Amino acid sequence: GPTLMGILPYAGLKFYIYEGLKAHVPEDYKNSVTLKLSCGAAAGLFGQTLTYPLDVVRRQMQVQSHLQHDQSGGPRITGTFQGLKIIKQTQGWRQLFAGLSLNYIKVVPSVAIGFTAYDTMKHLLKIPPRESIKPEQGSA
């Protein structure tokens with residue numbers, strides 16, 4: 001549950017932010033690799049930051065499933081939203097972001113390179129951008 005609750009918004013936010021940033025770029029710079037890397041890095045940074053608490057809940061549920069009882073003496077986490085609430089109440093809201101800065105070292109370059117490769121391959125394969133694809137008129 002927490003894995004799906006985290007990956008769906010993360011992937012959605014990542015693509016939304018990347019495409020949104022690219023839409024504001026002047027036409028002269030649309031094919032710049034540096035710009036694609038920058039937009040991808042920003043998308044990874046924001047997507048990861050906004051969904052990281054869900055990853056913390058998932059990890060804590062995995063750890064507690066291997067223990068016979070919760071060693072902190074607190075209630076067991078059984079769901080995503082309940083986990084967010086319990087962690088905030090028992091460990092503080094900062095715990096929901098513990099380890100985020102180290103995660104940036106892995107995620108930000110990975111997303112930047114991934115989006116740059118994605119756009120470069122679309123360009124090489126001559127796949128038109130979504131904005132330029134027009135729906136067919138009156139097809140029956």
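**Figure 1. Y52 lies in helix 2.** Helices here are DSSP runs of H or I with at least four residues, strands are runs of E with at least two, and both are numbered from the N terminus. This is a predicted model: local features need pLDDT of at least 70, side-chain atom pairs count only at pLDDT 80 or more, and totals for chains, interfaces and linings use all residues. Residues are numbered from 1 along each chain as its sequence is written, and side-chain values use heavy atoms, with hydrogens and water left out. Y52 counts as buried because its relative accessibility is 3%. Buried means under 20% relative accessible area, exposed means over 50%, and partly exposed falls in between (1.4 Å probe, protein chains only). Leaving aside neighbours within four places in sequence, Y52 is in contact with R59, L96, F97, A98, G99, L100 and N103. Contact means heavy atoms within 4.5 Å. I7 is 45 residues from Y52 in sequence, and their C-alpha atoms are 9.9 Å apart in space.

**Figure 2. Four helices and zero strands make up the secondary structure of the protein.** Along the sequence the pattern reads α-α-α-α. Of the 140 residues, 31% count as buried. The accessible surface comes to about 9700 Å², and 63% of that surface belongs to carbon and sulfur atoms. These areas come from the Shrake-Rupley method with a 1.4 Å probe; for residues, only the protein chains shown count as cover. Take the contacts between residues at least 6 apart in sequence: 69% of them join residues at least 24 apart.

**Figure 3. Helix 2 packs against helix 3 at an angle of about 90 degrees.** Helix 2 covers residues 33–65, and its axis is 9 Å from that of helix 3. Helix 2 is therefore roughly perpendicular to helix 3. Axes are lines fitted to C-alpha atoms, for helices over the stretch in contact, and angles run from 0 to 180 degrees between N-to-C directions. Angles under 35 degrees count as roughly parallel, over 145 as roughly antiparallel, 65 to 115 as roughly perpendicular and the rest as oblique. On the helix 2 side, P53, L54, V56, V57 and Q60 take part; they meet T80, G83, L84, I87 and Q91 of helix 3. The residues of this contact divide into six nonpolar, four polar and no charged. Ala, Val, Leu, Ile, Met, Phe, Trp, Tyr, Cys and Pro count as nonpolar; Asp, Glu, Lys and Arg are charged; the others, Gly among them, are polar.

**Figure 4. Helix 3 runs from residue 80 to 91.** Its 12 residues reach 16 Å from first C-alpha to last, close to the expected 16 Å. The expected span is 1.5 Å times one less than the number of residues. The buried residues of helix 3 are T80, G83, L84, I86 and I87. Just after the helix, G92 takes a positive phi of about 95 degrees.

**Figure 5. R58 lies in helix 2.** Its relative accessible area is 22%, so R58 is partly exposed. R58 and G83 are 25 residues apart in sequence, yet 8.6 Å apart in space, C-alpha to C-alpha.

**Figure 6. T116 is found in helix 4, residues 100–124.** T116 counts as buried because its relative accessibility is 9%. Not counting residues up to four places away in sequence, T116 touches V33, K36 and L37.

**Figure 7. K126 is found in the segment after helix 4.** K126 has a relative accessible area of 72%, so this residue is exposed. Phi of K126 is near 60 degrees, a positive value in a residue other than glycine. Most residues other than glycine have a negative phi.
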